[in-house]
Every structure is written in structure tokens, then in C-alpha cells.
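The exercises below are to be worked with the model open. Each task is followed by a solution in steps.

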Amino acid sequence: MLAQKPSAFPSGTQFALWQKWIYKCIRVPQPLASSNNHGDIERPNMGPTDRRNIVKRASDKLLVVVWKGLRFFVPAIKHMYNLKLIHGQAHAVLCCLCEQISTLHKSEFKEIGVYRAVFSAVKHGIVEFIIEMIRHYPDIIWSEDELNRGIFLYATLQRQEKIFSLIYKMGAKKNSMATSWDKYQNNILHQAAFLAPSSQLDRVSGAPLQMQRELQWYKEVESIVQPKYREMLNSSHKTAQILFTEQHRKLLEEGEKWMKATAESCTVVAALIATIMFSAIFTVPGGYDQYSGIPIYLNRNSFMIFIVSDAMSLFASSSSLLMFFGILTSRYREEDFLKSLPTKLIVGLSCLFFSIATMMITFGVTLVMMLRDRFHWVSFPIILLASLPVTLFALLQFPLLVEIFFSTYGPGIFDKPKKWWLF
């Protein structure tokens with residue numbers, strides 16, 4: 001079985017995002033059997049000879065030399081280099097095996113366990129295995145397991161997006177792939193309606209993002225099936241939508257609890273900041289002139305920084321408060337977890353972070369204006385201490401904010417060709 005790459009590992013567990021990026025950038029010597037990784041999935045390239053490919057191969061060889069040198073100085077790169085080297089060797093072995101399998105008769109496949117290996121690869125998301133099998137024996141895409149589930153039905157059930165994305169490279173065959181069903185009359189949309197395996201759900205942190213990922217899968221599969229299959233009944237007389245609601249009822253409740261708990265906690269903080277910033281504007285540092293009522297420090301630049309940061313903190317905390325109120329008063333329908341609730345949470349957390357940062361600026365500027373005439377060195381320690389809570393909040397909440405943002409507005413988990421087909 002082909003070794004899995006770090007890109008197939010759950011995010012945030014064994015490989016951080018930057019490690020995955022480095023892994024993709026690493027170049028290792030390619031075995032001859034695995035050097036053909038581009039072109040048509042069924043009709044491999046006959047060998048690039050144009051100038052552009054020659055330049056690309058030369059640059060790849062140069063990068064191989066560079067990464068070979070870097071591995072001696074950075075232990076982490078050495079580990080990933082060795083891992084990718086093993087992966088390339090495993091891919092070469094896979095190519096040899098697929099070439100031998102393609103010479104066998106179809107009746108021998110079941111005897112030597114080819115179908116079992118294919119569906120095991122689908123279950124574990126080893127897309128290279130499936131690609132090589134299709135390239136050497138295209139009819140493998142019509143294979144079925146003991147429940148009459150094809151490769152793409154099983155990939156949908158197991159939530160293996162890399163293998164499911166191959167359906168977009170099937171051209172006219174895609175329609176046939178998307179209209180099949182298993183022995184219980186569950187079509188591909190029913191497979192998307194089942195709750196994902198726990199191993200796949202655990203790749204996403206938090207019940208709301210898990211619910212969002214499930215909805216993304218359902219909507220993606222729904223977009224490729226014909227309308228009549230959306231209303232198709234399985235052997236239990238259930239449509240895919242009804243099955244989705246039943247299967248995800250508990251996850252929906254957990255997502256609602258998580259959202260409400262987070263919104264309630266952040267609402268308290270946002271309300272406190274808004275209250276403090278509102279009162280601070282009427283108790284400006286230095287006080288007011290007793291005759292004109294004008295602030296004494298009005299002509300100082302630091303006072304203008306105080307006023308602007310106080311106002312921005314008040315506006316940001318008020319906006320954050322409204323967003324979290326929107327979350328608390330939401331109806332928590334299934335569709336709300338796709339865009340509406342994550343967007344409100346993104347805006348709410350971003351405004352809350354900004355209000356905390358500007359609040360600390362307001363506090364720091366106030367202390368500087370009051371103490372700088374006596375302690376000229378006071379600015380540096382105040383700035384240092386004021387940045388501490390902002391940094392802590394960023395370290396604790398920023399990863400969650402980034403994950404929600406990319407999950408909602410990122411490129412998506414499906415690899416859909418835009419202007420061309422592989423076959």
C-alpha cells in the first residue's frame with residue numbers, strides 16, 4: 001500500500017500547515033517508474049520534449065540539489081525529505097504493480113485481492129493508488145464492493161475529498177458515476193447524507209465547523225446529481241435531505257451549544273469594553289478647563305490618539321456585540337452553519353480583537369500623558385505591558401479565527417478543474 005503524504009493527515013495533528021507547505025516544496029530524485037506524474041489520467045505522457053519542459057526538468061534537478069544540501073542543516077527538513085523520498089519509492093513500486101495487474105484478466109482481480117485493495121485505498125484516501133489503477137486499467141472505476149457501492153459512492157461515504165474530486169476529471173462518465181446506487185437504494189447523495197466517520201470528523205475542530213464541513217459535502221454532491229435523484233427514496237423510504245437531518249441532529253445540537261457558549265462569553269467581554277470606552281470619553285486625562293469646558297490636553301498629539309483609539313474601540317466592541325447577539329438569536333437551521341453563523345463569528349471575533357487592541361492603546365496613551373513629565377522612560381514599559389493581553393488574545397483566538405475563515409471562504413476541499421478535462 002502506498003505511503004500517505006502529510007497532506008492526507010489531519011490538520012493540526014502530525015504536520016502543521018507550514019510543514020505541509022515545505023513538504024510540497026521539497027524536491028527529491030524521482031525513480032524512473034514514477035517520473036510520469038502529469039498528463040491524462042488514462043493516457044500517460046509520451047515524454048516531454050519541448051523547451052518549456054526541458055527548463056522545468058532542469059530547475060527540478062537544481063531544486064533536488066538544494067534540498068539535499070538543506071537536509072544536513074535542518075533536522076525537520078531532513079525528516080520530511082526522507083519521508084518524501086520513501087513516498088516516491090513507494091509510488092515507483094505502485095507503478096510496477098499496476099503495470100503487472102493491467103496484464104491480468106478481469107476474472108483474476110477478485111482472487112488476488114485487487115478490488116479489496118482498491119476500496120481499502122479509497123477508505124484511507126490514498127488517491128495515488130486510485131489514479132495509477134485508473135491509468136493502467138481504466139475499467140477499475142466501475143468496480144463495486146459487496147454492497148454494490150462504486151468507488152465514488154464509497155469515497156463520498158468515507159469523506160475522501162481527494163478521491164471524490166477525481167469524478168470531475170471523468171468527463172461524460174461523471175453522469176453515470178453520479179447516478180448509481182447501492183443495494184439499499186442509497187444514491188451518491190444519500191451517501192453524503194450519512195454522518196461522516198469519526199476519523200474524518202475529528203480532522204475539523206469544533207462541532208460548528210464539523211457541521212459546516214458536512215454541509216459542504218452535501219451541497220457539493222447535490223450540485224452534480226440530477227434533480228430527480230435529490231428526491232429519490234432509499235429502501236427505508238427516505239430522501240437524502242431527510243436522512244441528512246436525522247443523521248446530523250446530534251451534531252446540530254452540539255454546534256448550537258458551542259456557538260451559544262462562545263457568543264455568550266464574548267458578549268460579556270464586548271459589553272464590558274463598550275461600557276469602559278463610553279465612560280472614558282467623559283473622563284479624559286487632564287480634565288477640562290473650568291471656564292470653557294475644553295479638554296486641557298486638546299492640542300497634544302497624544303490626546304488625539306486617545307480620542308481616536310477610544311472611539312474605534314467603542315465602535316468595534318459595539319459591532320462585536322451586535323454580531324454575537326445575532327448568533328444568540330439565530331434559528332440554528334442546518335443551512336445557517338454553512339455561511340451565516342461562521343461569518344457572524346468571524347466578524348464578531350475580529351471586532352472584539354480590534355476593540356481590545358485599541359482599548360489597550362487608549363489605556364497606554366492615558367498613562368503616558370499623565371506620567372511622562374515626571375518619568376520620561378515610562379513609554380516603553382507601558383507599551384510592552386499593554387501589548388501582553390493583545391498578544392495573549394491573538395495566540396488563543398487567532399488560530400480559531402483563521403480556521404473558520406479558510407473553512408468558510410477558502411478555496412475549498414474539492415479539486416475541481418475549471419477549464420479542461422483529463423479525459
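**Exercise 1. Annotated spans**

What are the helix and strand contents of residues 304–325, and how far apart are the end C-alpha atoms?

Solution. The model is a predicted one. Residues 304–325 are 100% helix and 0% strand. The end C-alpha atoms of this span lie 32 Å apart. Next, take the record: an unreviewed UniProt entry lists residues 266–284, 304–325, 345–371 and 377–396 under "transmembrane region". For residues 345–371, the distance between the end C-alpha atoms is 39 Å, with 100% helix and 0% strand.

**Exercise 2. Two ring pairs**

Classify the ring pair of tyrosine 218 and phenylalanine 244, then that of phenylalanine 405 and phenylalanine 406.

Solution. A pair of aromatic rings is described by two quantities, the distance of the centres and the angle of the planes.

Step 1. The structure holds 12 aromatic pairs. In the pair of tyrosine 218 and phenylalanine 244, the ring centres are 5.0 Å apart and the planes stand at 50°, so the pair is tilted. Planes under 30 degrees apart would count as stacked, and over 60 as edge-to-face.

Step 2. Locate the partners. Tyrosine 218 belongs to helix H12 (residues 207–222) and phenylalanine 244 to helix H14 (residues 240–247). They are 26 residues apart, and the pair links distant parts of the chain.

Step 3. Check burial, for which the cut-off is under 20% relative accessible area. Tyrosine 218 has 3%, so this residue is buried. Phenylalanine 244 has 0% and is therefore buried.

Step 4. For phenylalanine 405 and phenylalanine 406 the centres are 5.8 Å apart and the planes are at 90°, so this pair is edge-to-face. Phenylalanine 405, with a relative accessible area of 39%, is partly exposed; phenylalanine 406, with 52%, is exposed.

**Exercise 3. A ring cluster and a charge**

Which residues are linked into a cluster by ring pairs, and the charged end of which residue sits over the ring of tryptophan 217?

Solution. Ring pairs join Phe164, Tyr168, Trp217 and Phe414 into a cluster. Over the ring of tryptophan 217 sits the charged end of arginine 159, 5.8 Å from the ring centre.

Definitions and conventions. Residues numbered from 1 in each chain as written. Predicted model: local features only at pLDDT ≥ 70, side-chain atom pairs only at ≥ 80, totals over all residues. Heavy atoms only, no water. UniProt positions renumbered as here; feature names shortened; annotations may be inferred. Helix = DSSP H or I, 4+ residues; strand = E, 2+ residues; numbered from the N terminus. Phe/Tyr/Trp six-rings, centres within 6.5 Å; stacked < 30°, edge-to-face > 60°. Buried < 20%, exposed > 50% of the residue type's maximum accessible area, 1.4 Å probe, protein only. Lys NZ or Arg CZ within 6 Å of the ring centre and 35° of its normal.
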